Amino acid sequence: MKRYDVVIAGMGPTGVTLANLLARRGWRVLIADPAHEVYPLPRAITADHEVMRTFQAIGVADEVAQECVPHPGSDYLGVDGGLIKTFYPAPPPHPLGWEANFLFYQPRLEARLRRELERYPNVEQRPGTSLVDAAENADSVVVVLERDGETERVEAEFLVGCDGARSRTRSLVEPTITDLDFDEWWVIVDANLVTDTDLPPRATQYCRPSRPGSFIIGPGSLRRWEIKVLPSEDPQDFKDHAVLRRVLSRFVDVDALEIARVAVYRFHALVVDNWRRGRVLLAGDAAHQMPPFLGQGMCAGIRDAAGLAWKLDAVAKRGWPEHVLDTYEAEMRPHVAEVVGLAKSFGEIIGELDPDRARARDARLREARRLRPDPTRQQVIPPLSAGLIASPPNVAAGTQFPQPWVRDASGDRVRLDEVLGDWFAVVSIENDDASRAGAGDGSGRFFESACRALGARHVAVRRPTGGENGHTASRAGDAAVTEVVDLDGTLVDWASRLGISWAVVRPDRYVYGTATSQGAALGLVEELCLRGEVLASEPVVERH
């Protein structure tokens, strides 16, 4: 049998992102999907800056961003056609270094992610190949694949199911599922504008009981409508072009459009209860399904891939204990359960069919807007609350670490992640602890010993001074400290608001923990070393 480090079932965005992240770490990857081509029908169209940051880690973000457009925000219109709610992206400055939310064309995005895999001789792509079965033994999982009626057995250290809502991998895990009680049929129409017509300037949610629907402005001439199928209707009726045009005409002049793609979906809200059985793990829609009303379906899958990739690498390549993989579900499942619940609640706002309840909804939402501003999209996405993060009340633990533009030692203007590397980083922010790390009290020696044990890069970030283009790398103790200048003040201001001057940052750019001194930062690094069972060449902390 051929041997791989990982077999990934599913070549959608989650699976291909995971494959890219592992390929960059040198993993031997086999990725397979029953479909021979990229899925052609409308699915995701909206994503956020966290997704683009993961694409940055893969090396495709700049190219992907060129084919995307900023999300203009969404207006919610009530029974009378008036505004009842807004849901806008967070305004600039963009703390993660990318547009807060953006719109894209999914087939083109998926094709780009697959092309990136072609760079790696350690990756084998198998479109048109189905996962049939899998069985674990002592140190691997044997995976049975099928293509054109021929079966093949391969061996891998791990099998990850990114194979969607009808996941075959999920059936192997035999999980229980928490159903959040959302089950609705919607028709999705992608069309290209062929002439000018009157359309809203931003995405619009038509919260009218007679026919709920959504309008979304895609890149270029692409426009999307998501239309609720009423209880009296048969979802299959929308395959009739005349029926589709008649219903769509309630939202737009259909003569101004060229209908490109149509799909009828049954939206669900559910979360799988257990995402791992031994060497078999789940990610993306195989682990959770959500209706599209929050624009977080693909985002959640990419978040899974980013969180799982570094933990698989930690266990398989860096000697961390296998139980670290349990923290993947521990942190991602409650996070996505909250996001799925939010998506359901937004769908209930849009899709209310009872006129009396809809009018009461409108009054409630308008009163809420009068009392306080509507939250931005970024404000409703929760932080990680469990798993491999420092315990509360550590400020900012479980949030995404800001990514400013910085000036590095060579004078180049780059995004901070390019300096942090692809593993843990310990970041000192606008303080002098780094330059004092070699002080005679020995604290610097223990700090650098801990960083070496963890394999963490130590980066010092400072605010620019007049005419400053960057610092040269300095040394603390006997380990290099990479010093950079925060050109726009994003990170320095963030730290100042929180009252902290140190952060320990995970490979997926979530904050493990923050500190106000080098000693406290040392405690966080030592804690991580213990959790990873990483042994230093000398004691991490001096014991008295």
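## Helix α4

Helix α4 covers residues 106-117, twelve in total, and runs 17 Å from first C-alpha to last, close to the 16 Å expected at 1.5 Å a residue. The model is predicted.

Most of α4 is covered, with nine of its twelve residues buried. These are Gln106, Pro107, Leu109, Glu110, Arg112, Leu113, Arg114, Glu116 and Leu117.

The largest cavity has a volume of about 70 Å³. Its lining consists of Val64, Glu67, Cys68, Phe104, Tyr105, Arg108, Leu109 and Arg112. Helix α4 gives the most to this lining, with three residues. By type, the lining has five nonpolar residues, no polar ones and three charged ones.

The structure holds 20 aromatic pairs. Trp320 and Trp423 make an edge-to-face pair, 5.7 Å centre to centre with 80° between the planes. Trp320 lies in the loop between α7 and α8, and Trp423 in the loop between α11 and β22, so the pair ties together parts 103 residues apart in sequence.

Trp320 also pairs with Phe424. This pair is stacked, at 6.0 Å centre to centre and 10° between the planes. It links distant parts of the chain, 104 residues apart. Trp320 counts as buried because its relative accessibility is 4%, under the 20% cut-off. Phe424 is buried too, at 1%, and so is Trp423.

Elsewhere, Phe182, Trp186, Tyr265, Phe267 and Phe293 form one aromatic cluster.

## Charges over rings

Two arginines sit over aromatic rings. The charged end of Arg413 is over the ring of Trp405, 4.0 Å from its centre. That of Arg119 is over the ring of Tyr120, at 5.1 Å from the centre.

Definitions and conventions:
Residues are numbered from 1 along each chain as its sequence is written. This is a predicted model: local features need pLDDT of at least 70, side-chain atom pairs count only at pLDDT 80 or more; totals for chains, interfaces and linings use all residues. Side-chain values use heavy atoms; hydrogens and water are left out. Helices (H or I, at least four residues) and strands (E, at least two) are DSSP runs, numbered from the N terminus. The expected span of a helix is 1.5 Å times one less than its number of residues. Buried means under 20% relative accessible area, exposed over 50%, partly exposed in between (1.4 Å probe, protein chains only). On a 1 Å grid over the protein atoms alone, a cavity is a set of points where a 1.4 Å probe fits but cannot get out, and a pocket is an open set with protein on both sides within 12 Å along at least five of seven lines; lining residues have an atom within 4 Å of a point. Grid points are joined across faces, edges and corners, and a volume is the space filled by probe spheres set on the points. Ala, Val, Leu, Ile, Met, Phe, Trp, Tyr, Cys and Pro count as nonpolar, Asp, Glu, Lys and Arg as charged, and the others, Gly among them, as polar. Rings of Phe, Tyr and Trp (its six-membered ring) pair if their centres lie within 6.5 Å; planes under 30 degrees apart count as stacked, over 60 as edge-to-face and the rest as tilted. A charge sits over a ring if NZ of Lys or CZ of Arg is within 6 Å of the ring centre and within 35 degrees of the ring normal.
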